[in-house]
Amino acid sequence: MSSPRFRPYEEDIDRQSPNRNLAPVSAEVDAEQQLWVGGCRLADLAAHYGTPLYVLDETTLRAGCRAYRQALTSHYPGESLVLYASKAHSSLAMAALMTSEGLGLDVVSAGELLTAIAGGANPRNIVLHGNNKSRGELELALEHGVTVVLDNWWELDLLERLCGQREQRVRLLIRFTPGIECHTHEYIRTGHLDSKFGFDLEELDGVLRRLAMAPWAEVAGLHAHIGSQIFELQPHGDLAAVMVKALGRARDLGHRPRDLNVGGGLGVRYVASDDPPAISAWVQTVSAAVAAACGQQNQPLPRLLCEPGRSLVATAGVTLYQVGSRKEIPGVRTYVAVDGGMSDNPRPITYQSRYTACLPQRCRDAATETVTVAGKHCESGDVLLHHIPLPPVASGDLLAVFATGAYNASMASNYNRIPRPAAVLAHGGQARLVQRRETNQDLLHWDVLPEHLDQSGPVPIR
Ligand SMILES: *Cc1c(COP(=O)(O)O)cnc(C)c1O
(Lines give C-alpha, C1' and ligand atoms only; values in the text may rest on other atoms or scores of the structure.)
Protein backbone atom coordinates (compact mmCIF):
# COMPACT_ATOMS: atom_id res chain seq x y z
CA MET A 1 0.00 0.00 0.00
CA SER A 2 1.34 3.40 -0.97
CA SER A 3 1.64 6.26 1.47
CA PRO A 4 -1.53 8.27 2.11
CA ARG A 5 -2.41 10.61 -0.69
CA PHE A 6 -3.95 13.16 1.58
CA ARG A 7 -1.45 15.47 3.25
CA PRO A 8 -2.98 18.63 4.68
CA TYR A 9 0.53 19.73 5.58
CA GLU A 10 1.60 19.74 1.94
CA GLU A 11 3.46 22.87 1.01
CA ASP A 12 1.48 23.43 -2.16
CA ILE A 13 -1.64 24.66 -0.37
CA ASP A 14 -3.13 27.37 -2.57
CA ARG A 15 -3.91 30.21 -0.17
CA GLN A 16 -5.26 32.45 -2.93
CA SER A 17 -7.73 29.95 -4.32
CA PRO A 18 -9.16 27.71 -1.58
CA ASN A 19 -11.26 25.71 -4.07
CA ARG A 20 -8.02 24.08 -5.25
CA ASN A 21 -7.20 22.44 -1.89
CA LEU A 22 -8.70 19.41 -0.21
CA ALA A 23 -8.31 20.83 3.28
CA PRO A 24 -9.01 24.27 4.71
CA VAL A 25 -6.13 26.70 4.13
CA SER A 26 -5.42 26.86 7.87
CA ALA A 27 -5.07 23.06 8.24
CA GLU A 28 -1.91 22.02 10.10
CA VAL A 29 -0.53 18.83 11.57
CA ASP A 30 1.46 19.05 14.80
CA ALA A 31 4.31 16.90 16.10
CA GLU A 32 1.79 14.49 17.65
CA GLN A 33 0.19 13.98 14.23
CA GLN A 34 -2.91 15.88 15.30
CA LEU A 35 -4.83 17.87 12.71
CA TRP A 36 -5.71 21.47 13.50
CA VAL A 37 -8.08 23.81 11.67
CA GLY A 38 -8.42 27.51 12.44
CA GLY A 39 -5.95 27.08 15.29
CA CYS A 40 -8.19 24.48 16.95
CA ARG A 41 -7.22 20.86 17.47
CA LEU A 42 -9.98 18.84 15.83
CA ALA A 43 -9.90 16.21 18.58
CA ASP A 44 -10.63 18.97 21.12
CA LEU A 45 -13.58 20.22 19.08
CA ALA A 46 -14.98 16.69 18.83
CA ALA A 47 -14.60 16.22 22.59
CA HIS A 48 -16.27 19.54 23.37
CA TYR A 49 -19.08 19.63 20.81
CA GLY A 50 -19.58 15.93 20.09
CA THR A 51 -19.75 14.22 16.71
CA PRO A 52 -20.75 14.41 13.95
CA LEU A 53 -19.56 17.99 13.86
CA TYR A 54 -19.33 20.43 10.97
CA VAL A 55 -16.20 22.57 11.33
CA LEU A 56 -15.90 25.68 9.13
CA ASP A 57 -12.61 27.53 8.71
CA GLU A 58 -13.13 31.28 8.72
CA THR A 59 -9.79 31.98 7.00
CA THR A 60 -10.74 29.79 4.03
CA LEU A 61 -14.14 31.46 3.69
CA ARG A 62 -12.63 34.94 3.72
CA ALA A 63 -9.82 33.94 1.34
CA GLY A 64 -12.38 32.77 -1.22
CA CYS A 65 -14.39 36.00 -0.99
CA ARG A 66 -11.25 38.09 -1.39
CA ALA A 67 -10.08 35.98 -4.32
CA TYR A 68 -13.29 36.71 -6.25
CA ARG A 69 -13.37 40.40 -5.37
CA GLN A 70 -9.69 41.06 -6.00
CA ALA A 71 -9.71 39.19 -9.31
CA LEU A 72 -12.69 41.24 -10.49
CA THR A 73 -10.91 44.46 -9.51
CA SER A 74 -7.78 43.36 -11.38
CA HIS A 75 -9.37 41.86 -14.47
CA TYR A 76 -12.71 43.57 -15.06
CA PRO A 77 -12.61 47.20 -16.12
CA GLY A 78 -16.20 47.91 -15.05
CA GLU A 79 -18.18 47.64 -11.82
CA SER A 80 -18.83 44.24 -10.29
CA LEU A 81 -20.63 42.49 -7.45
CA VAL A 82 -20.11 39.00 -6.07
CA LEU A 83 -23.28 37.32 -4.79
CA TYR A 84 -22.78 34.32 -2.54
CA ALA A 85 -25.16 31.51 -3.59
CA SER A 86 -26.49 30.86 -0.12
CA LYS A 87 -28.06 27.50 -0.95
CA ALA A 88 -24.54 26.04 -0.59
CA HIS A 89 -24.72 26.81 3.14
CA SER A 90 -27.35 29.13 4.54
CA SER A 91 -27.03 30.36 8.11
CA LEU A 92 -27.00 33.64 9.98
CA ALA A 93 -23.24 33.38 10.53
CA MET A 94 -22.55 32.73 6.85
CA ALA A 95 -24.79 35.59 5.73
CA ALA A 96 -23.03 37.92 8.17
CA LEU A 97 -19.56 36.75 7.14
CA MET A 98 -20.28 37.14 3.41
CA THR A 99 -21.76 40.59 4.05
CA SER A 100 -18.67 41.60 6.03
CA GLU A 101 -16.57 40.69 2.97
CA GLY A 102 -18.63 42.98 0.74
CA LEU A 103 -20.59 40.21 -1.00
CA GLY A 104 -24.29 40.23 -1.75
CA LEU A 105 -26.39 37.06 -1.50
CA ASP A 106 -28.41 34.97 -3.88
CA VAL A 107 -31.39 33.27 -2.24
CA VAL A 108 -33.98 30.81 -3.51
CA SER A 109 -36.73 30.83 -0.89
CA ALA A 110 -38.37 32.92 1.81
CA GLY A 111 -36.26 31.04 4.36
CA GLU A 112 -32.97 31.88 2.68
CA LEU A 113 -34.15 35.46 2.10
CA LEU A 114 -35.02 35.98 5.75
CA THR A 115 -31.74 34.36 6.82
CA ALA A 116 -29.79 36.75 4.57
CA ILE A 117 -31.61 39.80 5.92
CA ALA A 118 -31.37 38.67 9.54
CA GLY A 119 -27.65 38.06 8.96
CA GLY A 120 -27.26 41.71 7.95
CA ALA A 121 -27.24 41.55 4.14
CA ASN A 122 -28.35 44.72 2.36
CA PRO A 123 -31.58 43.89 0.46
CA ARG A 124 -30.25 45.92 -2.48
CA ASN A 125 -27.56 43.25 -2.85
CA ILE A 126 -29.90 40.27 -2.63
CA VAL A 127 -31.38 38.49 -5.64
CA LEU A 128 -34.25 36.01 -5.36
CA HIS A 129 -34.14 32.97 -7.61
CA GLY A 130 -36.55 30.11 -8.19
CA ASN A 131 -38.53 28.41 -10.93
CA ASN A 132 -41.69 28.34 -8.81
CA LYS A 133 -41.56 31.19 -6.33
CA SER A 134 -44.69 31.42 -4.25
CA ARG A 135 -46.84 34.49 -4.03
CA GLY A 136 -45.65 34.89 -0.43
CA GLU A 137 -42.01 34.72 -1.49
CA LEU A 138 -42.54 37.35 -4.19
CA GLU A 139 -44.39 39.60 -1.75
CA LEU A 140 -41.52 39.29 0.70
CA ALA A 141 -39.08 40.26 -2.05
CA LEU A 142 -41.20 43.30 -2.93
CA GLU A 143 -41.51 44.29 0.71
CA HIS A 144 -37.73 44.29 1.16
CA GLY A 145 -36.87 45.72 -2.27
CA VAL A 146 -34.95 42.62 -3.31
CA THR A 147 -34.13 42.03 -6.98
CA VAL A 148 -36.21 39.23 -8.49
CA VAL A 149 -34.74 36.86 -11.07
CA LEU A 150 -37.69 36.49 -13.43
CA ASP A 151 -37.96 32.84 -14.40
CA ASN A 152 -41.14 32.24 -16.40
CA TRP A 153 -44.37 33.66 -17.86
CA TRP A 154 -46.51 32.55 -14.95
CA GLU A 155 -44.29 34.49 -12.58
CA LEU A 156 -44.37 37.51 -14.90
CA ASP A 157 -48.19 37.59 -14.69
CA LEU A 158 -48.13 37.11 -10.92
CA LEU A 159 -45.58 39.89 -10.42
CA GLU A 160 -47.61 42.22 -12.63
CA ARG A 161 -50.65 41.69 -10.41
CA LEU A 162 -48.68 42.03 -7.16
CA CYS A 163 -46.89 45.19 -8.29
CA GLY A 164 -50.25 46.60 -9.41
CA GLN A 165 -51.86 45.91 -6.05
CA ARG A 166 -48.91 47.32 -4.13
CA GLU A 167 -48.38 50.22 -6.56
CA GLN A 168 -44.74 49.28 -6.63
CA ARG A 169 -41.97 48.67 -9.16
CA VAL A 170 -39.71 45.66 -9.11
CA ARG A 171 -36.12 45.32 -10.22
CA LEU A 172 -35.76 42.26 -12.48
CA LEU A 173 -32.99 40.13 -13.86
CA ILE A 174 -34.32 37.89 -16.62
CA ARG A 175 -33.09 34.31 -16.44
CA PHE A 176 -32.64 32.43 -19.68
CA THR A 177 -31.04 29.17 -20.76
CA PRO A 178 -28.19 30.03 -23.08
CA GLY A 179 -28.01 26.48 -24.47
CA ILE A 180 -24.46 25.91 -23.32
CA GLU A 181 -23.49 22.38 -22.37
CA CYS A 182 -20.99 21.59 -19.67
CA HIS A 183 -19.48 18.34 -18.54
CA THR A 184 -20.82 17.88 -15.08
CA HIS A 185 -23.23 15.59 -13.30
CA GLU A 186 -26.53 15.44 -15.14
CA TYR A 187 -28.65 16.14 -12.05
CA ILE A 188 -27.02 19.47 -11.49
CA ARG A 189 -26.66 20.60 -15.06
CA THR A 190 -28.92 23.56 -15.78
CA GLY A 191 -27.54 25.40 -18.79
CA HIS A 192 -28.78 23.21 -21.63
CA LEU A 193 -32.07 23.70 -23.34
CA ASP A 194 -33.92 20.96 -21.46
CA SER A 195 -33.87 22.81 -18.15
CA LYS A 196 -36.64 23.62 -15.72
CA PHE A 197 -35.06 27.02 -15.10
CA GLY A 198 -35.58 30.25 -17.01
CA PHE A 199 -36.78 31.25 -20.47
CA ASP A 200 -35.53 29.69 -23.69
CA LEU A 201 -33.17 31.91 -25.61
CA GLU A 202 -35.82 32.11 -28.35
CA GLU A 203 -38.42 33.40 -25.89
CA LEU A 204 -36.24 36.23 -24.66
CA ASP A 205 -37.39 38.69 -27.32
CA GLY A 206 -41.02 38.17 -26.38
CA VAL A 207 -40.30 38.68 -22.70
CA LEU A 208 -38.33 41.84 -23.39
CA ARG A 209 -41.12 43.23 -25.61
CA ARG A 210 -43.76 42.54 -22.99
CA LEU A 211 -41.66 44.15 -20.25
CA ALA A 212 -40.97 47.19 -22.43
CA MET A 213 -44.65 48.02 -21.95
CA ALA A 214 -44.66 47.27 -18.22
CA PRO A 215 -44.26 50.40 -16.09
CA TRP A 216 -44.11 48.18 -12.98
CA ALA A 217 -40.90 46.45 -14.08
CA GLU A 218 -37.34 47.68 -14.33
CA VAL A 219 -35.27 45.30 -16.44
CA ALA A 220 -32.00 45.56 -14.51
CA GLY A 221 -30.25 42.90 -16.52
CA LEU A 222 -29.93 39.27 -17.51
CA HIS A 223 -29.03 36.10 -15.69
CA ALA A 224 -27.83 32.63 -16.65
CA HIS A 225 -26.33 29.76 -14.68
CA ILE A 226 -24.90 26.86 -16.65
CA GLY A 227 -24.25 24.26 -13.96
CA SER A 228 -22.11 23.32 -11.01
CA GLN A 229 -18.76 21.68 -10.19
CA ILE A 230 -17.42 22.84 -13.58
CA PHE A 231 -13.70 22.39 -14.25
CA GLU A 232 -13.58 23.97 -17.71
CA LEU A 233 -13.26 27.68 -18.36
CA GLN A 234 -14.52 27.67 -21.95
CA PRO A 235 -18.26 27.35 -21.18
CA HIS A 236 -18.19 30.52 -19.10
CA GLY A 237 -16.26 32.33 -21.81
CA ASP A 238 -18.90 31.30 -24.37
CA LEU A 239 -21.69 32.21 -21.97
CA ALA A 240 -20.41 35.77 -21.59
CA ALA A 241 -20.53 36.32 -25.35
CA VAL A 242 -24.10 35.00 -25.63
CA MET A 243 -25.20 37.18 -22.73
CA VAL A 244 -23.65 40.38 -24.05
CA LYS A 245 -25.53 39.81 -27.29
CA ALA A 246 -28.76 39.37 -25.35
CA LEU A 247 -28.07 42.56 -23.40
CA GLY A 248 -27.70 44.38 -26.72
CA ARG A 249 -31.07 43.03 -27.77
CA ALA A 250 -32.61 44.33 -24.53
CA ARG A 251 -31.20 47.79 -25.30
CA ASP A 252 -32.60 47.64 -28.84
CA LEU A 253 -36.03 46.97 -27.36
CA GLY A 254 -35.88 50.05 -25.14
CA HIS A 255 -34.49 48.73 -21.87
CA ARG A 256 -31.52 50.11 -20.01
CA PRO A 257 -30.03 46.97 -18.43
CA ARG A 258 -27.00 47.47 -16.22
CA ASP A 259 -26.31 43.99 -14.85
CA LEU A 260 -24.95 40.86 -16.44
CA ASN A 261 -25.12 37.94 -14.00
CA VAL A 262 -23.16 34.88 -15.16
CA GLY A 263 -24.20 32.62 -12.24
CA GLY A 264 -21.81 30.35 -10.37
CA GLY A 265 -20.50 26.87 -10.99
CA LEU A 266 -16.73 26.88 -10.53
CA GLY A 267 -15.64 23.45 -9.28
CA VAL A 268 -13.67 22.45 -6.20
CA ARG A 269 -11.27 19.70 -5.23
CA TYR A 270 -12.94 16.76 -3.49
CA VAL A 271 -10.31 14.11 -4.24
CA ALA A 272 -6.61 14.42 -4.99
CA SER A 273 -7.11 13.94 -8.73
CA ASP A 274 -9.53 16.90 -9.01
CA ASP A 275 -7.80 19.90 -10.52
CA PRO A 276 -10.21 22.83 -10.75
CA PRO A 277 -9.10 26.20 -12.14
CA ALA A 278 -8.17 28.94 -9.70
CA ILE A 279 -10.79 31.52 -8.82
CA SER A 280 -8.65 34.22 -10.44
CA ALA A 281 -8.45 32.22 -13.70
CA TRP A 282 -12.22 31.82 -13.78
CA VAL A 283 -12.79 35.51 -13.13
CA GLN A 284 -10.19 36.45 -15.73
CA THR A 285 -11.86 34.28 -18.38
CA VAL A 286 -15.31 35.70 -17.68
CA SER A 287 -14.04 39.28 -17.47
CA ALA A 288 -12.06 39.06 -20.68
CA ALA A 289 -14.97 37.42 -22.53
CA VAL A 290 -17.45 40.08 -21.40
CA ALA A 291 -15.08 42.95 -22.21
CA ALA A 292 -14.20 41.46 -25.60
CA ALA A 293 -17.84 40.84 -26.53
CA CYS A 294 -18.77 44.40 -25.50
CA GLY A 295 -15.96 45.73 -27.68
CA GLN A 296 -16.98 43.65 -30.69
CA GLN A 297 -20.67 44.40 -30.34
CA ASN A 298 -20.12 48.05 -29.49
CA GLN A 299 -21.94 47.74 -26.17
CA PRO A 300 -21.17 49.57 -22.91
CA LEU A 301 -19.60 47.44 -20.14
CA PRO A 302 -22.30 46.06 -17.85
CA ARG A 303 -21.91 45.67 -14.11
CA LEU A 304 -20.61 42.09 -13.85
CA LEU A 305 -22.31 39.87 -11.29
CA CYS A 306 -21.40 36.30 -10.41
CA GLU A 307 -22.88 33.84 -7.94
CA PRO A 308 -20.33 31.39 -6.57
CA GLY A 309 -21.54 28.95 -3.93
CA ARG A 310 -19.50 25.76 -3.75
CA SER A 311 -16.16 27.37 -4.61
CA LEU A 312 -16.54 29.78 -1.67
CA VAL A 313 -17.50 27.36 1.07
CA ALA A 314 -16.78 23.70 0.18
CA THR A 315 -13.16 23.40 1.22
CA ALA A 316 -13.69 25.54 4.32
CA GLY A 317 -15.64 22.62 5.79
CA VAL A 318 -14.50 19.46 7.53
CA THR A 319 -16.92 16.97 9.08
CA LEU A 320 -15.77 15.07 12.15
CA TYR A 321 -17.21 11.64 12.89
CA GLN A 322 -16.47 8.94 15.41
CA VAL A 323 -15.90 5.41 14.20
CA GLY A 324 -18.05 2.69 15.74
CA SER A 325 -18.52 -0.78 14.33
CA ARG A 326 -16.36 -2.61 11.79
CA LYS A 327 -17.43 -5.41 9.51
CA GLU A 328 -14.92 -7.42 7.56
CA ILE A 329 -16.21 -9.46 4.65
CA PRO A 330 -13.19 -11.58 3.68
CA GLY A 331 -12.23 -11.15 0.07
CA VAL A 332 -14.89 -8.49 -0.44
CA ARG A 333 -14.41 -5.38 1.68
CA THR A 334 -14.16 -3.95 5.15
CA TYR A 335 -16.87 -1.61 6.33
CA VAL A 336 -16.08 0.98 8.97
CA ALA A 337 -19.20 2.71 10.27
CA VAL A 338 -19.36 6.29 11.54
CA ASP A 339 -21.94 8.06 13.70
CA GLY A 340 -23.47 10.05 10.83
CA GLY A 341 -23.93 9.51 7.10
CA MET A 342 -26.48 10.39 4.45
CA SER A 343 -28.44 12.64 6.83
CA ASP A 344 -25.51 15.03 7.33
CA ASN A 345 -23.96 14.45 3.89
CA PRO A 346 -26.48 13.34 1.24
CA ARG A 347 -24.13 14.02 -1.68
CA PRO A 348 -22.56 10.56 -2.03
CA ILE A 349 -25.93 8.78 -2.16
CA THR A 350 -27.52 11.50 -4.32
CA TYR A 351 -24.76 12.27 -6.80
CA GLN A 352 -22.22 9.45 -6.24
CA SER A 353 -19.91 12.21 -5.03
CA ARG A 354 -16.44 11.30 -3.84
CA TYR A 355 -14.62 12.63 -0.82
CA THR A 356 -11.27 12.44 0.95
CA ALA A 357 -10.77 11.63 4.61
CA CYS A 358 -8.08 11.12 7.23
CA LEU A 359 -7.74 10.13 10.86
CA PRO A 360 -7.22 13.56 12.45
CA GLN A 361 -5.32 12.09 15.40
CA ARG A 362 -2.89 10.04 13.30
CA CYS A 363 -2.43 12.15 10.20
CA ARG A 364 1.01 10.92 9.23
CA ASP A 365 0.54 7.19 9.77
CA ALA A 366 0.90 5.22 6.57
CA ALA A 367 -2.29 3.94 5.01
CA THR A 368 -2.16 0.18 5.41
CA GLU A 369 -5.74 -0.79 4.73
CA THR A 370 -8.48 0.13 2.31
CA VAL A 371 -11.91 0.49 3.85
CA THR A 372 -15.41 1.57 2.95
CA VAL A 373 -16.77 4.19 5.30
CA ALA A 374 -20.47 3.59 5.89
CA GLY A 375 -23.02 5.77 7.62
CA LYS A 376 -25.43 4.58 10.30
CA HIS A 377 -28.63 4.89 8.28
CA CYS A 378 -30.91 2.06 7.22
CA GLU A 379 -29.91 2.17 3.54
CA SER A 380 -27.28 -0.05 1.96
CA GLY A 381 -26.36 2.94 -0.20
CA ASP A 382 -25.49 5.00 2.85
CA VAL A 383 -21.76 4.95 2.16
CA LEU A 384 -19.71 8.14 2.57
CA LEU A 385 -16.43 6.92 1.07
CA HIS A 386 -15.67 3.88 -1.10
CA HIS A 387 -12.26 2.19 -1.07
CA ILE A 388 -10.38 4.72 0.95
CA PRO A 389 -6.83 4.03 2.11
CA LEU A 390 -6.38 4.70 5.83
CA PRO A 391 -4.09 3.69 8.68
CA PRO A 392 -5.62 0.84 10.74
CA VAL A 393 -8.99 2.17 11.93
CA ALA A 394 -10.37 1.20 15.33
CA SER A 395 -13.67 1.98 16.96
CA GLY A 396 -13.42 5.23 18.89
CA ASP A 397 -11.16 6.82 16.28
CA LEU A 398 -12.13 10.16 14.84
CA LEU A 399 -12.54 10.47 11.10
CA ALA A 400 -12.30 13.83 9.29
CA VAL A 401 -13.97 14.17 5.89
CA PHE A 402 -12.76 17.14 3.82
CA ALA A 403 -14.53 19.64 1.58
CA THR A 404 -17.92 19.26 3.24
CA GLY A 405 -18.64 22.98 3.60
CA ALA A 406 -20.98 23.14 0.59
CA TYR A 407 -24.30 21.31 0.13
CA ASN A 408 -23.90 19.29 3.34
CA ALA A 409 -25.45 21.22 6.24
CA SER A 410 -27.84 22.89 3.78
CA MET A 411 -29.03 19.52 2.42
CA ALA A 412 -29.04 17.69 5.76
CA SER A 413 -32.16 15.80 6.80
CA ASN A 414 -33.52 13.99 9.83
CA TYR A 415 -33.77 10.66 8.03
CA ASN A 416 -34.12 7.86 10.57
CA ARG A 417 -34.87 10.59 13.11
CA ILE A 418 -31.25 11.45 13.58
CA PRO A 419 -30.63 14.96 14.90
CA ARG A 420 -28.66 17.30 12.64
CA PRO A 421 -25.07 18.02 13.74
CA ALA A 422 -23.77 21.20 15.31
CA ALA A 423 -21.60 23.56 13.24
CA VAL A 424 -18.70 25.64 14.52
CA LEU A 425 -16.69 28.42 12.91
CA ALA A 426 -12.99 28.11 13.77
CA HIS A 427 -10.54 30.98 13.69
CA GLY A 428 -7.42 31.99 15.59
CA GLY A 429 -7.67 29.19 18.12
CA GLN A 430 -11.32 29.83 18.91
CA ALA A 431 -14.30 27.83 17.75
CA ARG A 432 -17.66 29.53 17.84
CA LEU A 433 -20.94 27.68 17.62
CA VAL A 434 -22.92 28.77 14.55
CA GLN A 435 -25.56 26.05 14.56
CA ARG A 436 -26.46 24.16 17.69
CA ARG A 437 -26.89 20.41 17.58
CA GLU A 438 -30.49 19.25 17.28
CA THR A 439 -31.77 17.24 20.19
CA ASN A 440 -34.08 14.25 20.23
CA GLN A 441 -36.63 16.58 21.76
CA ASP A 442 -36.30 18.88 18.72
CA LEU A 443 -37.25 15.91 16.53
CA LEU A 444 -40.57 15.49 18.29
CA HIS A 445 -41.29 19.20 18.27
CA TRP A 446 -43.36 19.30 15.07
CA ASP A 447 -45.25 16.05 15.57
CA VAL A 448 -48.88 16.20 16.58
CA LEU A 449 -50.55 13.16 18.08
CA PRO A 450 -54.29 13.22 17.25
CA GLU A 451 -56.42 12.68 20.31
CA HIS A 452 -58.01 9.45 19.05
CA LEU A 453 -54.58 7.84 18.70
CA ASP A 454 -53.29 9.01 22.07
CA GLN A 455 -53.07 5.90 24.24
CA SER A 456 -52.85 8.02 27.35
CA GLY A 457 -56.05 9.93 26.40
CA PRO A 458 -59.70 8.85 26.12
CA VAL A 459 -60.36 5.28 24.96
CA PRO A 460 -60.49 5.25 21.11
CA ILE A 461 -63.83 4.55 19.38
CA ARG A 462 -64.04 0.97 18.13
C1 LIG B 1 -26.67 26.70 -7.45
C2 LIG B 1 -26.61 28.02 -8.09
C3 LIG B 1 -25.48 28.83 -7.95
C4 LIG B 1 -24.24 28.37 -7.26
O5 LIG B 1 -23.64 27.30 -7.88
P6 LIG B 1 -22.23 26.74 -7.37
O7 LIG B 1 -21.95 25.63 -8.29
O8 LIG B 1 -22.41 26.31 -5.96
O9 LIG B 1 -21.24 27.86 -7.50
C10 LIG B 1 -25.52 30.09 -8.49
N11 LIG B 1 -26.61 30.54 -9.14
C12 LIG B 1 -27.72 29.80 -9.30
C13 LIG B 1 -28.87 30.36 -10.00
C14 LIG B 1 -27.75 28.51 -8.78
O15 LIG B 1 -28.85 27.76 -8.96
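What follows is a conversation about the ligand, its surroundings and a few single residues.

Author: First, the ground rules: this is a predicted model, where local features need pLDDT of at least 70, side-chain atom pairs count only at pLDDT 80 or more, and totals for chains, interfaces and linings use all residues. Residues are numbered from 1 along each chain as its sequence is written, and side-chain values use heavy atoms, with hydrogens and water left out.

Reader: What makes a residue count as near a molecule, and how many residues surround the ligand?
Author: One of its heavy atoms has to lie within 4 Å of the molecule. Here 15 residues surround the ligand, and the closest are K87, S228, E307, R310 and Y407.

Reader: How is the shell around the ligand divided?
Author: Three of its residues are nonpolar, seven polar and five charged. Ala, Val, Leu, Ile, Met, Phe, Trp, Tyr, Cys and Pro count as nonpolar, Asp, Glu, Lys and Arg as charged, and the others, Gly among them, as polar.

Reader: What makes a pair of atoms a polar contact?
Author: The pair must be N or O atoms within 3.5 Å. An oxygen atom of the ligand is 2.3 Å from an N or O atom in the side chain of S228, so this pair meets the cut-off. For the side chain of Y407, the distance from a ligand oxygen to an N or O atom is 2.6 Å. G309 takes part through its backbone, with a polar atom 2.9 Å from an oxygen of the ligand. Taken alone the ligand exposes 390 Å², and the protein buries 94% of that; these areas come from the Shrake-Rupley method with a 1.4 Å probe.

Reader: Where does the ligand sit, and what does "sits in" require?
Author: The ligand sits in the largest pocket. The term requires more than half of the molecule's atoms to lie within 2 Å of the grid points. A pocket is an open set of points on a 1 Å grid over the protein atoms alone, with protein on both sides within 12 Å along at least five of seven lines.

Reader: Why is A337 called buried?
Author: Buried means under 20% relative accessible area (1.4 Å probe, protein chains only). A337 has 17%, so it counts as buried. This residue is in strand β15 (residues 333–338); strands are DSSP runs of E with at least two residues, and helices are runs of H or I with at least four.

Reader: Why does L159 count as buried?
Author: L159 has 0% relative accessibility, so it counts as buried. It is found in helix α6 (residues 153–166).

Definitions and conventions
Polar contact = N/O pair within 3.5 Å; in protein donor to acceptor, adjacent residues only side chain to side chain. 1 Å grid on protein atoms, 1.4 Å probe; cavity = no way out; pocket = protein on both sides within 12 Å on 5 of 7 lines; lining within 4 Å. Buried < 20%, exposed > 50% of the residue type's maximum accessible area, 1.4 Å probe, protein only.
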